[in-house]
Structures are given as C-alpha cells and as structure tokens.
Amino acid sequence: MVWTTTSIPITEDEKKLIYSLINNEQENPHLKYEKLKKRFFSIFEKRKHQRKDPNQSYDFTSLLEKGLIESGNSPFPTAENTIANERLSPLNNTYKLTSIGLIHIFNNKFIYSPSLLVKYHDSLVLKDLLYKYFELKTIASSSAKFFVLITDYLSDVSSYLLGYQRNSSGQLTLEVERELENHLNLCALILGFKVAILFKESNLISASLKGDSEKAIIALQQIETTMKRILSKDSMFQNLVSEVSSELSIAREEILNLS
C-alpha cells in the first residue's frame with residue numbers, strides 16, 4: 001500500500017468535508033468521556049459544535065476520487081459505482097475513511113479525538129502502526145498528554161510513509177520492505193520511550209505547573225495516575241517497553257566497547 005501511495009493535496013473545502021465526516025462519526029454514545037477529560041480536547045469539541053445542519057447534503061466526489069473515503073454501505077465498493085450512486089449524501093455514516101485517508105489525516109495533523117482511532121481500530125494502518133503496541137482500551141482511555149504523543153507519532157510515521165516513494169526508485173524489493181519495517185519499528189521504540197519517560201515523571205511535571213487553581217492541578221494528577229495504571233496493565237505496551245529497554249542495553253554495551 002505504501003509503495004503505491006503518494007501524498008495527495010487536500011483543499012480547504014475538502015478539509016471541511018473531512019472534519020464533518022470525522023465529527024459525525026465520533027458522535028458515538030458508547031464512547032463517552034468524563035467531563036474533566038473533555039476539557040483537554042476542547043479544540044475538537046468546539047469544531048464538533050460548529051457543524052452545519054445534519055440534513056444538509058455534502059458533495060464527497062473529490063474525496064471518493066482521491067481514495068480518501070469509501071462507501072460504508074458496500075463491503076466491496078468501487079470508486080465508479082460509489083461516485084455515480086452516492087455523489088450527494090446527508091452526513092449519516094454513508095461514508096468511512098480509507099487507510100489512505102487516515103494516513104493523510106495524520107500527516108496533515110487534523111484535529112481528532114481518541115474515538116476516531118477506536119472506530120478505525122480494524123483498519124490496516126492502525127492495526128499495523130498502533131494496535132501492535134497498545135490495547136484498544138488504552139487508546140480509548142487516552143489522557144491529554146498521552147494522546148499528544150500518539151498523534152505526534154502517527155503524524156511522523158505518516159509523513160515518512162507518504163514521502164518514502166518520492167525519495168526512492170526501482171522495484172519493491174525485500175530490502176526495501178525491511179528498510180520500511182525497521183524504520184517503523186524504530187519510530188515505535190521512540191514512542192515507547194517517550195511514553196515511559198512521560199509517565200515516570202508525570203506527577204512531578206503536574207506538581208510544578210503554575211496556576212491559580214489547586215483543584216485543576218490535582219485533577220490533572222488524577223488523570224495522569226489513571227493513565228499510568230491503564231498503561232501498567234496493557235501487556236502490549238509492556239512488551240514495547242521491554243523491547244525499548246533491551247535496545248537501550250545493547251546500545252549501552254556498544255558504546256562501552258568503543259571506549
């Protein structure tokens with residue numbers, strides 16, 4: 001998929017359509033976040049409340065043609081029949097984002113909440129980039145600080161994937177596949193290291209925040225403590241941290257051998 005994909009320009013009008021689609025899809029009654037946590041995703045919430053009339057029709061033709069979205073009604077939609085039959089549609093979950101669409105959302109740093117990553121947990125891109133290292137419930141329970149690291153990671157990886165072929169030539173060989181795999185693995189190790197460090201020091205960071213509200217600082221500490229507990233019970237993340245530790249030990253030995 002990466003080998004045949006290049007960066008696709010997204011116009012401002014198309015961005016509005018994508019945001020409308022993201023906001024509509026994230027109106028899921030089964031994904032309710034605590035009031036306190038919602039404050040930390042206030043930018044997303046503002047966008048959600050600025051939606052247009054839900055009965056309005058939206059023209060998704062260009063997004064369909066670019067392969068960023070597909071029909072949600074057919075298991076095997078084609079661009080031709082989808083565009084012909086569903087060119088104009090109210091925002092009622094008729095469409096869903098493709099793996100390519102998700103990569104472009106991450107690369108362009110669209111604003112989204114954890115529920116988007118939960119909804120698309122079965123997509124090829126998220127299964128390979130995210131859910132190899134975290135359990136679904138961990139992502140669904142994301143705190144603000146943790147989610148910033150996740151979005152930065154997805155943005156960096158997507159930028160790398162979209163830019164890879166433009167800097168490459170020739171055929172997709174086993175050597176190329178290994179290079180891609182090694183780079184993605186390195187990005188995951190860096191993410192694991194950042195998350196481990198963040199939550200090792202998170203309470204100290206919160207305690208050092210300057211603010212007028214002591215309650216806000218305490219609340220933030222509680223969120224971070226809860227996130228720590230969730231991560232400590234995530235066996236997939238623990239495996240990632242173990243791999244990070246192993247790689248750091250190997251690097252330390254190599255450095256010592258140089259001296």
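Student: How much space lies in the largest pocket?

Tutor: About 470 Å³ of space lies in the largest pocket. Before going on: this is a predicted model, in which local features need pLDDT of at least 70 and side-chain atom pairs count only at pLDDT 80 or more, while totals for chains, interfaces and linings use all residues. Residues are numbered from 1 along each chain as its sequence is written, and side-chain values use heavy atoms, with hydrogens and water left out.

Student: What makes a space a pocket and not a cavity?

Tutor: On a 1 Å grid over the protein atoms alone, a cavity is a set of points where a 1.4 Å probe fits but cannot get out, whereas a pocket is an open set with protein on both sides within 12 Å along at least five of seven lines. Grid points are joined across faces, edges and corners, and the volume is the space filled by probe spheres set on the points.

Student: What classes of residue are in the lining of the largest pocket?

Tutor: The lining has 13 nonpolar, one polar and four charged residues. Ala, Val, Leu, Ile, Met, Phe, Trp, Tyr, Cys and Pro count as nonpolar, Asp, Glu, Lys and Arg as charged, and the others, Gly among them, as polar.

Student: How many aromatic pairs does the structure hold?

Tutor: The structure holds six aromatic pairs. One of them is formed by Phe 60 and Tyr 95.

Student: Why is the pair of Phe 60 and Tyr 95 called tilted?

Tutor: Rings of Phe, Tyr and Trp (its six-membered ring) pair if their centres lie within 6.5 Å; planes under 30 degrees apart count as stacked, over 60 as edge-to-face and the rest as tilted. Here the centres are 4.6 Å apart and the planes make 50 degrees, so the rings pair and are tilted. Phe 60 is in the loop between strand S1 (57–59) and helix H4 (61–65), and Tyr 95 is in strand S4 (residues 95–97), 35 residues apart.

Student: Why does Phe 60 count as buried?

Tutor: Buried means under 20% relative accessible area, exposed over 50%, and partly exposed in between (1.4 Å probe, protein chains only). Phe 60 has 0% relative accessibility, so Phe 60 counts as buried. Tyr 95, at 3%, counts as buried too.

Student: What makes helix H6 (residues 99–107) largely enclosed?

Tutor: Eight of its nine residues are buried, so H6 is largely enclosed by the rest of the structure. Among them are Ser 99, His 104 and Phe 106. Ring pairs link Phe 106, Tyr 112 and Phe 147 into a cluster.

Student: Which residues does Ile 69 touch?

Tutor: Ile 69, in strand S2 (residues 69–71), touches residues including Leu 21, Phe 60 and Tyr 95. Contact means heavy atoms within 4.5 Å. Ile 69 has 3% relative accessibility and therefore counts as buried.

Definitions and conventions: 1 Å grid on protein atoms, 1.4 Å probe; cavity = no way out; pocket = protein on both sides within 12 Å on 5 of 7 lines; lining within 4 Å. Helix = DSSP H or I, 4+ residues; strand = E, 2+ residues; numbered from the N terminus. Lists of a residue's contacts leave out its neighbours within four places in sequence.
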